[in-house]
Amino acid sequence: MTRVSVLGGSSPFTVALINAIEESKALSHHLHEWVLILQGRNVQNLDAVAHYARHRLGGFGTSVISTTDLDAALTDAEVVIVQTRFGGLEARANDELFASELGCIADETLGPCGLLSAFRQIRPVDHLAIRMKAICPGAFVVNMINPLSLTTAMMLRRGLATVGICELPLATLQAFARALRIDPHDLYWSYEGLNHRGFIPIVRTRDGEDLLQHVLRLAPDTATQKYRDDILRLGAISTKYFALFDGRSSHDKGRAVALISLRDAIAKDLIADPTRRPARIAERDMPWYAQAVVPLVAARVGAQGYDATINVAVDGLLVHERRARVLGDRIDILETAPANGSFRDWLAAFEHHERLCLAALSDPTPYTIGAALEADRITPSDKVRAAATRIFQIWRDAASNPPTVRGQQ
């Protein structure tokens, strides 16, 4: 039997993961061999999610277990999907408020909001990694905790077989293909970056046509203008998050408050009838499950090969996002011919920022935190000192409290 554990399985949003598992053609012939363990701290929600999973997956022969006990969930686990949100969405709301009060974009992965989140989670993530290494040292760990590259580095430091997973590179390619009315499955492409801060410098058809140059030859229109601008300026296609760095993105106060309301509404419907798909689950687009997490797990258990874009350490603990071929216990990085363009200057800046974040997490002081914030290109320079002081205080205050690793939201 294949034991797959989901940490943070009491989140009502886990319904989307269960739906993606159910709808996976690659997994359909393997689910009778699965024991799916859902772990979380909210007992009422956890019971409802487990009931839903049994209803949706029982026909495949899948066994579903729910538990609030982390060690029990990890025992004999072969695959661990980590979607634990330490502090819940309420902590994310506080992080977003912090960034908003600084006049910054409130994004849970980047800028002061993302760095505060990393500092808030450093101890519980480290404690979780220690427990996984002790209980299921050979497990394949699929990390989904934001900020993804930093939390993945924390787990790798403890010697876990961990990859971070995100659907954004594939979603970026798919949007580009739609603009050109081309099937993305027919394309050869490369990707370079750090989580959410990356570029696609190569896109070719099967017969070798360079589609970036093709866009430049087209008459400009609204569907391709964004890509034309990217190619001329950067020599690559950027993810949507690049707008945070070049001033094209408007101020955003974050989504946590709205997500809390939606989470609670979904939980209410799920508890009332755990055999029905909650109608409001459709209000949150969660493509990462069907496009990234489930195909990666399917590849790991040998159901199919998967060309993935995963977060892996390629330079010490610096986690890069790279295209890879996954099948079973093999992960082969798909090397491509190097591409040039000014996007490389941005990559160098992002890597420099990431190294400073790792240094700050290893040795937290107002100075090291300030250096990381100053390099992130999101925090206004006149707010760096105040932001660094506040993050350091929050980290220091949390140091006196023992870490909690019970999964939620």
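Q: How much space lies in the second largest pocket?
A: About 560 Å³ of space lies in the second largest pocket. On a 1 Å grid over the protein atoms alone, a pocket is an open set of points with protein on both sides within 12 Å along at least five of seven lines, a cavity is a set where a 1.4 Å probe fits but cannot get out, and lining residues have an atom within 4 Å of a point. Grid points are joined across faces, edges and corners, and a volume is the space filled by probe spheres set on the points. This is a predicted model, in which local features need pLDDT of at least 70 and side-chain atom pairs count only at pLDDT 80 or more, while totals for chains, interfaces and linings use all residues. Residues are numbered from 1 along each chain as its sequence is written, and side-chain values use heavy atoms, with hydrogens and water left out.

Q: Ok, and which residues lie nearest the centre of that second largest pocket?
A: The lining has 24 residues, and those nearest the centre are L170, W189, Y306, D307 and R323. The element that gives the most is β12, with four residues; helices (H or I, at least four residues) and strands (E, at least two) are DSSP runs, numbered from the N terminus.

Q: What does the lining of the second largest pocket have by class?
A: It has 13 nonpolar, seven polar and four charged residues, where Ala, Val, Leu, Ile, Met, Phe, Trp, Tyr, Cys and Pro count as nonpolar, Asp, Glu, Lys and Arg as charged, and the others, Gly among them, as polar.

Q: Switching topic, how many cavities of 30 Å³ or more does a search find?
A: The search of the whole structure finds two.

Q: How many residues does the largest nonpolar core have?
A: The largest nonpolar core has 70 residues, and those with the most contacts inside it are V80, V82, M132, M155, F199 and I369. Such a core is a set of buried Ala, Val, Leu, Ile, Met, Phe, Trp, Tyr and Cys residues joined through side-chain atoms within 4.5 Å, and buried means under 20% relative accessible area, exposed over 50%, and partly exposed in between (1.4 Å probe, protein chains only).

Q: Why would nonpolar side chains be buried together?
A: In soluble globular proteins, nonpolar side chains tend to be buried together.

Q: Last topic: how many salt bridges does a search find?
A: There are 20 in the whole structure, a salt bridge being a side-chain nitrogen of Lys or Arg within 4 Å of a carboxyl oxygen of Asp or Glu. One of them joins the side chains of E22 and R56 (3.0 Å, N to O). E22 lies in helix α1 and R56 in helix α2 (residues 43-57), so the pair ties together parts that are 34 residues apart in sequence.

Q: What about D230, is it buried or exposed?
A: D230 is buried, with a relative accessible area of 0%, whereas K226, its salt-bridge partner (2.7 Å, N to O), is partly exposed at 30%.
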